[in-house]
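I opened this entry to keep track of what I looked up. The notes follow the order in which I went through the chains.

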Amino acid sequence: MSAAGIVDAGRQPAAAPHATQRRALLTPRRSNILLVLLGAILLPSVTYRAMPLLPSRYPLALAVATSIAVGALSLNLLVGYAGQISLGHGALLGVGAYAAGLASSGAGLPMWLALPIAALVSGLIALIIGFPALRLRGLYLAIVTVTFGFAMYNFVLQWNAFTGGSSGVSLVRRLWGKTIITSQADMLSAGLVVLVLAWLLDSNVTRSKLGRAFRAIRESEPVAGSFGVDVSRYKLLAFVLSGALAGVAGALYGFTLYLVNSETFNPPVGVDYSLLLLIIVVVGGLGSRAGAVIAAFVFSLFEFIIGDRFGSDSIIYGLVPILGSLMLMLTVARHPDGMAGMLRERRHRRRRRAAAADDGDHAMPALPSMPRPETAARPLAMERSLPVLEVESVSMRFGGLVAVDGASLRVDRGEIVGLIGPNGAGKTTLFNCISGLLRPDGGTVRFSGRDVSALSAHERAGLGLSRTFQQIGLAKDQSILENMLLAQHVLAGYGSSSALLYTAGVARSEDEMRARAVQAIAALGFGGREDVPVRLLSGGQQRIVEVACALLTDPELLMLDEPSAGMAPVMAESLADRLRDLRDSMGRTVLLIEHNVPLVLDVCDRVYVLTAGRVLAGGTPDEILAHPEVVNAYLGEAVA
Amino acid sequence: MIQGLIVGLVQGGTYGLIALGLVLCYRGSRVLNFAQAEIGTASLFIAWIVVGAWHHPYWMGALAAIVSALVIGLLFERLIVRRMETASRLTVAVATIGLFGFLVAVEAYANGPTPRYLPPPIKGLGPQIAGVYVSWTQILTYAVIAVVALGLTFFLRRTDFGLGVLASAQDATAARLVGIPQNRVSMFTWGVAAVLSALAALLIEPTITLIAPNTIGPQLFLGGLAAALLGGLTSLSGALVGGLLVGVLSAEATQLAPNGVAGVYTVVLFAIVIGVLLLRPQGLLGRPPARAESA
Amino acid sequence: MTAVLDLPQPPAAAPTEALLRVYGLVAGFGSHAVLHGIDIAVADGEIAGIFGLNGAGKSVTLKVIAGLVPAWDGRIMLSTHDITRLSAERRVALGLGNVPQGKQVFTELTVEQNLRLGAYQLRRRDPAHYRPLLEQVYARFPVLYSRRDQAAGTMSGGEQASLSVARALMSEPRLLLIDEPSAGLAPKIVEELFATLAQLNRDGLTIVLVEQNVTFGLQLVHTAHLLRQGRVVYRGDVAHLDRDRVAQELGIGRLLRARVAHSGVQQPNEEDGPHGHRARDDH
């Protein structure tokens with residue numbers, strides 16, 4: 001047999017040229033450096049020159065707008081990327097402002113120390129209040145943050161001894177030695193520097209495994225978990241980063257106003273800051289940095305200009321918060337992804353034509369064999385002599401329904417094992433118990449001899465268990481490339497703090513993963529279409545991408561849930577060959593659920609038959625066929 | 001102590017009403033309604049206009065409040081919730097946040113900075129319990145809450161439409177396939193939630209004696225939220241029980257707090273929320289929520 | 001040619017008026033069409049079966065007819081009514097009953113409450129008729145009577161299946177749509193359920209059934225419609241069905257040969273189903 005399973009060099013077109021060229025010119029690290037130069041030098045000096053040209057209160061307004069923009073970035077990270085709602089960001093701004101105030105006037109520290117301290121304190125508070133909520137799925141973070149905000153305003157900030165109550169804490173804009181920033185124009189410059197750094201941080205998040213993990217979580221937590229993402233931890237990380245950045249925004253705000261007191265972030269009338277930031281992020285565009293920053297400036301300046309022109313007591317000024325809330329409701333009702341989402345939709349429409357171009361029914365391409373790169377961490381050594389999977393007496397009930405009733409099975413290394421049975425027999429439920437998506441009511445699951453029954457789905461994925469889903473377990477709004485990078489999550493050899501700085505190590509790891517992904521994509525015949533959102537592919541194409549993603553981590557066990565469902569006939573027929581390649585040329589171990597009985601009988605080394613939650617029989621295909629009960633389970637009792 | 005108990009039961013009862021509304025919206029539309037208390041607060045301003053500005057009797061003001069709340073709730077359901085049937089629950093929750101902000105802004109705009117107040121529905125002090133006077137208004141409050149709770153329970157469990165509402169909350173698809181009109185169920189859910197909000201606001205106003213943006217609303221909402229969480233977000237009876245517990249706990253905390261530190265009860269609310277999530281996320285009577293990354 | 005499938009005589013032939021007609025149905029999810037033009041006609045008093053592999057579009061077809069999934073193109077006629085654009089609830093009012101996939105009983109309500117909800121529209125239209133109907137249904141399903149105050153979620157799979165059918169009957173439908181009744185049930189229970197359905201049909205109920213278990217299905221239906229990739233590729237009245245074609249389409253040829261082999265009857269060596277056309281190699 002030819003090396004059909006290994007990437008065929010002859011079939012591979014030239015690696016997508018534009019991708020490599022784009023990378024060569026402006027790598028993430030180079031753009032980071034460029035951004036720092038821009039922010040630290042160019043922007044401040046330009047604004048400094050421009051300020052005298054504007055009427056007197058504008059530098060103040062712009063400085064305030066800048067801190068709101070940083071706040072918007074912080075909320076965007078949480079809501080737009082990770083899909084979690086916080087209604088306490090106003091309170092976190094306050095925490096940052098107070099921390100900076102105490103640092104600068106209380107401890108006499110300079111501004112550039114006070115800001116990181118603010119970040120630390122807010123981040124810590126976020127960690128404490130986020131932890132109980134983010135272990136669970138749902139709107140619990142919103143509940144905790146709104147309660148936190150309430151307690152902050154009504155209790156902590158009123159507490160004179162601690163926070164100075166209504167007289168508040170002052171902030172001293174000391175840079176170094178005795179140098180104090182006096183003009184608002186200079187403060188604006190300082191603010192812009194901070195904004196640029198925040199932007200930098202945000203882009204590092206987006207470009208690294210952090211951003212990918214967040215986006216996956218936002219789309220579907222089970223899918224993210226199946227790719228090895230520790231969902232609880234990442235949700236908490238998103239909230240902590242968001243909280244820390246909000247603290248910086250609050251500190252900046254405080255420095256701009258020289259003072260923070262109990263009324264600063266809690267105006268007696270008008271829009272609460274938590275709500276303002278939410279409006280900005282949602283209307284400006286969820287998940288878009290530029291959208292959030294632009295919307296922040298627009299909203300702040302709009303409010304300022306109206307107030308300046310018409311007076312803050314005027315009718316028109318009072319209309320501003322009403323308009324803002326209305327915009328929030330309407331945006332969400334018509335375009336859940338805000339302005340940026342609308343633009344994205346238009347871009348996708350163009351891509352749709354490119355994707356649809358090749359929607360015919362072909363044979364399934366050879367799946368790329370991707371050995372694990374040396375740099376990637378290896379899971380604990382797998383005991384080679386033991387079966388890859390041992391399932392013992394697993395049971396799962398839902399109320400009065402017994403979905404799985406004491407099922408046991410075994411998968412040895414290098415086998416293809418099939419799991420068949422009528423609809424509703426419990427096959428997918430059993431799969432979910434094996435992969436960790438469900439906790440069974442009884443029984444154990446052993447993976448190469450190791451008891452994984454207590455481990456979560458992402459932990460089992462990390463040990464080398466890859467699975468596919470009946471409904472295609474990919475982040476469908478993301479591109480093929482994104483999904484292939486996400487699939488390599490466990491292989492990314494760097495931690496969160498390195499990701500934030502986008503160190504050389506991060507760049508190297510990302511390049512490696514990208515190269516593997518591009519190679520796999522080309523081998524599958526999708527070369528040149530890496531950026532197409534998965535949603536636009538046909539069912540069969542999506543399945544191919546999904547299986548390829550599952551292979552990218554060089555898994556010990558590949559679990560496929562009805563891979564042929566919805567495939568066009570020619571592709572479904574070639575599936576058998578591809579499965580055989582997996583076993584024979586790549587030495588993989590596969591457990592598969594299938595309804596396509598002839599396929600299973602042809603390809604599998606052993607087959608288990610599940611009916612009404614129980615394993616009716618297990619053995620080679622011939623043994624199964626010789627089992628009268630099995631045949632009856634499928635065909636029904638013959639009557640007379 | 002007793003004083004705290006009496007006040008706590010009144011406030012707790014109103015928190016329970018808000019919690020009932022929250023649970024209804026959560027079970028019916030799987031949405032956390034962040035405007036649950038603000039609808040009631042906005043309707044209080046209408047009540048004030050009728051009673052305070054136009055000098056009509058109290059009951060007319062109360063009626064006006066209930067009707068205006070109903071209108072807000074039904075409008076929101078028709079224009080926003082129904083249009084977002086296929087949107088993620090997160091975005092619908094954000095829409096309710098928008099409604100909240102909208103109502104607060106309109107209240108501030110239309111009313112201006114002057115705080116308002118309503119005269120109590122019934123004047124005068126009633127009987128004494130353990131040396132503490134209970135006002136007639138407070139007794140009326142207990143009565144209304146009891147009637148509402150019993151009435152709602154009866155309606156949901158005994159009437160066809162009520163059963164249909166419960167069934168739709170469990171499985172909306174099956175309910176449709178059986179012929180239960182989902183549009184009407186949705187209107188009922190949001191309409192009743194709005195009316196509960198108005199009732200809660202009317203009943204708590206005598207203890208706070210102030211109608212202004214950001215005074216009654218947040219307290220009611222957060223009390224109701226903590227109550228719903230404590231009772232279990234999916235349990236109607238839990239909502240009431242949770243409300244009473246939260247009310248009594250926070251009232252006692254306020255009584256016991258040293259002077260000069262206002263707002264201690266907010267810390268109690270926060271502690272309850274964190275406590276429930278850490279120790280027993282399903283609350284007293286609810287169903288356990290899904291863990292992150294589980295099926 | 002020897003019959004591949006071993007079946008008893010089909011039920012009595014059906015009368016000719018079409019109660020349900022589906023023309024050119026196109027439907028799907030997102031941007032992908034799953035149905036590419038389905039045409040089905042079901043006579044009044046008939047039992048029609050829709051068969052096919054998973055992913056062929058069987059359940060989607062039923063969901064479009066029920067009103068859960070909108071049709072992108074095509075028409076659905078229920079007797080003289082064009083129900084294509086009607087809501088699911090309206091279709092129930094016009095006589096369409098549903099037994100959904102997975103039974104979907106209201107688990108936290110009692111059996112009797114489930115049945116009462118099944119009669120939701122009936123009780124508004126003709127309240128006096130509710131009690132007699134309920135008694136009839138209990139007579140047909142005695143196990144439900146004995147569990148009438150029990151929460152539906154605590155019952156076994158077979159009992160929940162009976163409840164789902166009984167609940168649908170409470171709206172006095174003319175046409176019953178049933179989605180995979182045998183799923184998750186032991187064969188004995190499926191037989192009992194099918195016997196009940198056959199009796200209901202003899203009493204005048206038209207049934208459209210989606211089944212994955214074709215042998216069971218073919219014992220019950222008058223007409224079989226075979227779906228593949230969102231199209232009807234074969235249909236036939238059960239008495240004149242090309243059994244081999246059906247077996248091949250559904251890939252159960254080898255299982256059937258095995259069954260026949262157990263019973264000792266000789267079979268010629270036939271090609272396998274569409275997806276396993278190679279003979280088994282030695283591995």
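**Chain C, overall**

I began with contact range in chain C. Of its contacts with a separation of 6 or more, 68% are between residues 24 or more positions apart. I kept in mind that this is a predicted model. Next I counted elements, and chain C has 11 helices and 10 strands. I then checked burial: 50% of the 283 residues of chain C count as buried.

**Domains of chain C**

I looked up how chain C is divided. Domain 1 covers 16-95 + 174-268, and domain 2 covers 104-172. I noted a distance of 24 Å between the C-alpha centres of the two domains of chain C. How many residues of domain 1 of chain C are in contact with domain 2 of chain C? I found nine, and they meet eight residues of domain 2. On the domain 1 side, α2 (88-93) and α8 (187-202) of chain C each supply at least two residues. The largest share of that side comes from α8(C), with three residues. By class, I listed seven nonpolar and two polar residues on the domain 1 side that touches domain 2 of chain C, with no charged residues.

**Strand β9 of chain C**

I turned to β9(C), residues 223-228. Five of its six residues are buried, so the strand is largely enclosed by the rest of the structure. I then traced its partners. Strand β3 (residues 47-51) of chain C runs parallel to β9(C), and four bridges join them. In that pairing, C:Gly49 has C:Ala224 as its bridge partner.

Which sense does the pairing of β9(C) with β10(C) take, parallel or antiparallel? I read it as antiparallel, over six bridges, with β10(C) spanning residues 231-237. C:Leu226 stands opposite C:Tyr234 of β10(C). I also looked at the turn. β9(C) and β10(C) form a hairpin with two residues between them. In the turn, C:Gln229 has a positive phi of about 50°.

As a reminder to myself, strands of a sheet pair through backbone hydrogen bonds, parallel or antiparallel.

**The four-stranded sheet of chain C**

I wrote down the strand order of an open sheet in chain C: β2-β1-β4-β5, with antiparallel pairing. Which strands stand at its edges? They are β2 (32-43) and β5 (81-82) of chain C. Each has a single partner strand, so one side of each is left without a neighbour in the sheet. Strand β4 (residues 73-78) of chain C is joined to β5(C) by two bridges, running antiparallel. There, C:Leu78 stands opposite C:His81 in β5(C).

**Chain A against chain B**

I moved to the interface. 55 residues of chain A are in contact with 48 residues of chain B. I listed the elements of chain A that give two or more residues to its side; among them are α5 (111-134), α6 (140-154), α11 (231-257) and α14 (315-334). Which element gives the largest share? It is α14(A), with 11 residues. I sorted the chain A side by class: 37 nonpolar, 14 polar and four charged.

**Confidence in chain B**

Chain B averages 88, and 98% of its residues score at least 70. Among the elements of chain B, strand β1 (residues 125-129) has the lowest mean pLDDT, 77. Helix α3 (residues 58-81) of chain B has the highest, 94. My standing rule is that where pLDDT is low, the predicted coordinates should not be read in detail.

Technical notes
Residues are numbered from 1 along each chain as its sequence is written. Chains are lettered from A and ligands numbered from 1 in the order in which they are written. This is a predicted model: local features need pLDDT of at least 70, side-chain atom pairs count only at pLDDT 80 or more; totals for chains, interfaces and linings use all residues. Two residues are in contact if their C-beta atoms, placed from the backbone, lie within 7 Å. Ala, Val, Leu, Ile, Met, Phe, Trp, Tyr, Cys and Pro count as nonpolar, Asp, Glu, Lys and Arg as charged, and the others, Gly among them, as polar. Domain bounds come from an automatic or database domain assignment. A residue is buried if 20 or more other C-beta atoms lie within 10 Å of its own, exposed if 12 or fewer, and partly exposed in between; C-beta atoms are placed from the backbone. Two strands pair if DSSP finds at least two bridges between them. pLDDT is the predictor's confidence in each residue, from 0 to 100.
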